[in-house]
Amino acid sequence: KQQCYIKSIETNCKQSVPWQNVAVTMTHEKDITILGKTYSKRDCHVKALENNMKAASVWNDLGAQLPKNGTVVVNSTTYNAMKCFIQAVNANPKLAISWCNLGSKMPVIESVVVDGKIRTRQECLEMGLGLDPTVRAWGHLGKGLKEGGAVATVSGKKYTKQQCYERGLETASPNDSDIAPLWANLARTLDEHQGVATVGKVNYTHQQCKENARKVNPGLRQRGDQKGQPPPACSVQ
């Protein structure tokens with residue numbers, strides 16, 4: 001499959017989609033040679049964007065690749081991960097994962113202009129989860145809510161801090177790196193003696209939530225809102 005994409009590029013290197021397809025087939029560790037030149041996975045995404053600046057999924061995947069404080073140059077302009085996700089949303093406001101990736105990268109107090117409006121971190125996460133509630137962003141949404149009754153609104157339904165963590169656990173897969181912090185943060189929202197959370201129709205006490213967090217990650221410090229190892233930004237599948 002990769003060789004077919006390379007052949008397409010060799011026939012016409014000004015196409016965006018073949019560069020994007022080659023990038024999808026690559027690992028981060030192994031470069032590829034096309035027309036006598038070596039390209040990394042990131043280079044292929046950049047080439048795809050140079051040929052089509054409106055390729056939303058490519059902007060998202062490029063942003064997801066960038067390390068903390070990392071930047072990339074596309075058509076003589078420098079972008080960090082957050083700016084890549086802004087480009088993705090501007091190109092396709094229906095791309096849920098890009099809204100969530102953008103919100104997860106933003107400081108709580110910061111706002112950005114995206115899709116023609118000024119948006120807060122919470123609003124970006126609400127937009128993304130409203131488009132696709134299975135995206136791994138419920139923990140980010142809950143962490144941004146203040147104690148004492150603050151709520152988020154997703155698809156017209158209000159969620160408390162506790163409910164965001166519950167929803168995050170219900171939509172998480174067993175191997176997600178954010179499961180332990182979700183359990184720990186859920187425990188923190190509960191009264192130590194009478195509080196009960198419901199995840200997948202099963203009730204859990206404060207202590208049981210803490211124990212679940214320890215089972216997943218015995219070394220997790222359970223004090224305050226837990227960041228743990230936050231999940232990486234997600235690529236478009």
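Start by selecting helix H6 (residues 96–105) and helix H7 (residues 121–131): their axes come within 7 Å and cross at roughly 155°. Helices here are DSSP runs of H or I with at least four residues, numbered from the N terminus. Axes are lines fitted to C-alpha atoms over the stretch in contact, with angles from 0 to 180 degrees between N-to-C directions.

Before going on, note that this is a predicted model, where local features need pLDDT of at least 70, side-chain atom pairs count only at pLDDT 80 or more, and totals for chains, interfaces and linings use all residues. Residues are numbered from 1 along each chain as its sequence is written, and side-chain values use heavy atoms, with hydrogens and water left out.

H6 and H7 are therefore roughly antiparallel to each other (an angle over 145 degrees). H6 passes H7 in a left-handed crossing, that is, the near helix is turned anticlockwise from the far one by less than a right angle. Now show the side chains: on H6, pick Ala96, Trp99, Cys100, Leu102, Gly103 and Ser104; on H7, pick Arg121, Cys124, Leu125, Met127, Gly128, Leu129 and Leu131, which together make the contact (heavy atoms within 4.5 Å). Colour them by type and you get nine nonpolar, three polar and one charged; Ala, Val, Leu, Ile, Met, Phe, Trp, Tyr, Cys and Pro count as nonpolar, Asp, Glu, Lys and Arg as charged, and the others, Gly among them, as polar.

Next, move to helix H1 (residues 2–11) and helix H2 (residues 17–25), whose axes come within 9 Å and cross at roughly 150°. That makes H1 roughly antiparallel to H2, and H1 passes H2 in a left-handed crossing. Select Gln2, Tyr5, Ile6, Ser8 and Ile9 in H1, which meet Pro18, Trp19, Asn21, Val22 and Thr25 in H2. This contact divides into six nonpolar, four polar and no charged residues.

How values were computed
Helices (H or I, at least four residues) and strands (E, at least two) are DSSP runs, numbered from the N terminus. Angles under 35 degrees count as roughly parallel, over 145 as roughly antiparallel, 65 to 115 as roughly perpendicular and the rest as oblique.
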